[in-house]
Amino acid sequence: MSKRRTERLLSVVVLLLSSRRYLTAEEIRAAVRGYPDEHEAFKRMFERDKEELRELGIPLETGVNNALDEEPGYRIKKQDYELPEIRLEADEAAVLGIASRVWQSAALAGAAAGALLKLKAAAPPGSDQDDDKQSLGIEPRLSTQEPAFGPLWEAVRDHRPVTFDHIAGGRSTATKRELEPWGVVNRRGRWYVAGHDRTRNAPRVFRLSRITGPVKMAGPAGSVTVPPDADVRELVKSWDVSPARDLTAVLKVRAGAGFGLRRWASEVAPDEAQGWDRVTVSFADVPWYADHLASFGPDVVVLEPPDLREAVIRRLKGILA
């Protein structure tokens, strides 16, 4: 759902919640920004908005204020819309407060911040949530830097199939995939999407950092059915085994740099170029290791193998662009 449509639907909900009477479509049109001036176009858009609100579970009621009204109106009763009071124990509120601090993603940061604000407002005096000065010795963080995270999260939420290009481990070229996503989870600091691969006709797991290019929706909302016995976390856990480090890279590393690379090296020797060392190290995955090596910038030059060297160069050129 686009940001503009989301804002329009939210405005309709706020308007109808604050009204004590039924509002006609024209009254809603006059009060809410984003509707077109042309009558037929407005009618079509308003019908779609009503359907969307009802699909979201919002109790949109239709009726008239009196017998003389010729056109029906709309309203949302607060008692039907509001959730019943939820009481949380102190430990439950604390856990939710910690969870709200996990998200750094722009897609979820606003929702987490709003939830935390409500928790603080409802917390009993003296509780951890009531004290803004409370701080944790360790705060969990989940980074969602992968561009694929946002559209995949939306696809899981809306039960929509997707297509994307994916580079499998040990390969340098991408393969087009068509997936019915069941869930997006984090394991050991890495994000994965799991679901039914239509091409392979079997459950599959894909690491988000290996997805290249845009993630595209490949079907309408509600067209994906998640099996009742599907356990996404267990599926990712069974798939996420440490691959064998059976590939070898020869690197030129600047003297006094790349200590993390030297630690795992099988051989370190002075290079012909003064101020550089030749480092031989084993690795398991070209895309992931290319990301790792690119983070060292000008302090590391890949000599071998060619596909790893090209992958690092592509990443560095992308950063410059």
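Me: In this predicted model, at what angle do the axes of helix α1 and helix α3 cross, and within what distance do they come?

Reply: The axes of helix α1 (residues 3–18) and helix α3 (residues 39–55) cross at roughly 75 degrees and come within 11 Å.

Me: Why is α1 called roughly perpendicular to α3?

Reply: Angles of 65 to 115 degrees count as roughly perpendicular. The axes cross at roughly 75 degrees, and that makes α1 roughly perpendicular to α3.

Me: Which residues of α1 and α3 meet?

Reply: From α1, the residues are R5, R8, L9, V12 and V13; from α3, they are M45, R48, D49, E52 and L53. By class, this contact of α1 with α3 has five nonpolar, five charged and no polar residues.

Me: Which residues are linked in a network of salt bridges?

Reply: R5, R8, D49 and E52 are linked in such a network. R5 and R8 belong to the α1 side of the helix contact, D49 and E52 to the α3 side.

Me: How many salt bridges does the structure hold?

Reply: The structure holds 16 salt bridges.

Me: What makes the pair of D197 and R177 a salt bridge?

Reply: The cut-off is a side-chain nitrogen of Lys or Arg within 4 Å of a carboxyl oxygen of Asp or Glu. The side chains of D197 and R177 meet at 2.9 Å, N to O, and the pair is therefore a salt bridge. D197 lies in strand β5 and R177 in strand β4 (residues 175–187), so the pair ties together parts that are 20 residues apart in sequence. Both D197 and R177 are buried.

Me: How do you know that E180 and R198 meet in a salt bridge, and where do they lie?

Reply: Their side chains meet at 2.8 Å, N to O, and the limit is 4 Å. E180 is in strand β4, whereas R198 is in the loop between β5 and β6 (202–207); the pair links distant parts of the chain, 18 residues apart.

Me: Is E180 buried or exposed, and why?

Reply: Buried means under 20% relative accessible area. E180 has a relative accessible area of 17%, so E180 is buried.

Me: Why does R198 count as partly exposed?

Reply: Partly exposed lies between the buried limit of 20% and the exposed limit of 50%. R198 has 33% relative accessibility and therefore counts as partly exposed.

Me: What is known of R278 and D271?

Reply: The side chains of R278 and D271 meet in a salt bridge at 3.2 Å, N to O. With a relative accessible area of 36%, R278 is partly exposed, whereas D271, at 15% relative accessibility, counts as buried.

Me: Where is H196, and why does it count as buried?

Reply: H196 is in strand β5 (residues 190–197). Its relative accessibility is 18%, so H196 counts as buried, the limit being under 20%.

Me: What makes the pair of H196 and N201 a polar contact?

Reply: A polar contact needs a pair of N or O atoms within 3.5 Å. The side chain of H196 makes this contact with the side chain of N201 at 3.3 Å. Not counting residues up to four places away in sequence, H196 touches E178, L179, E180, W182, N201, A202 and P203.

Me: Why is H166 called buried, and what does it touch?

Reply: H166, found in strand β3 (residues 162–166), has a relative accessible area of 6% and is therefore buried. Not counting residues up to four places away in sequence, H166 touches residues including T173, R177, F206 and R210. The C-alpha atoms of H166 and R210 are separated by 5.7 Å, although these residues are 44 residues apart along the chain.

Note on methods. Residues are numbered from 1 along each chain as its sequence is written. This is a predicted model: local features need pLDDT of at least 70, side-chain atom pairs count only at pLDDT 80 or more; totals for chains, interfaces and linings use all residues. Side-chain values use heavy atoms; hydrogens and water are left out. Axes are lines fitted to C-alpha atoms, for helices over the stretch in contact, and angles run from 0 to 180 degrees between N-to-C directions. Helices (H or I, at least four residues) and strands (E, at least two) are DSSP runs, numbered from the N terminus. Angles under 35 degrees count as roughly parallel, over 145 as roughly antiparallel, 65 to 115 as roughly perpendicular and the rest as oblique. Contact means heavy atoms within 4.5 Å. Ala, Val, Leu, Ile, Met, Phe, Trp, Tyr, Cys and Pro count as nonpolar, Asp, Glu, Lys and Arg as charged, and the others, Gly among them, as polar. Buried means under 20% relative accessible area, exposed over 50%, partly exposed in between (1.4 Å probe, protein chains only). A polar contact is a pair of N or O atoms within 3.5 Å; within protein, one must be able to donate a hydrogen and the other to accept it, and residues adjacent in sequence count only if both atoms are side-chain atoms.
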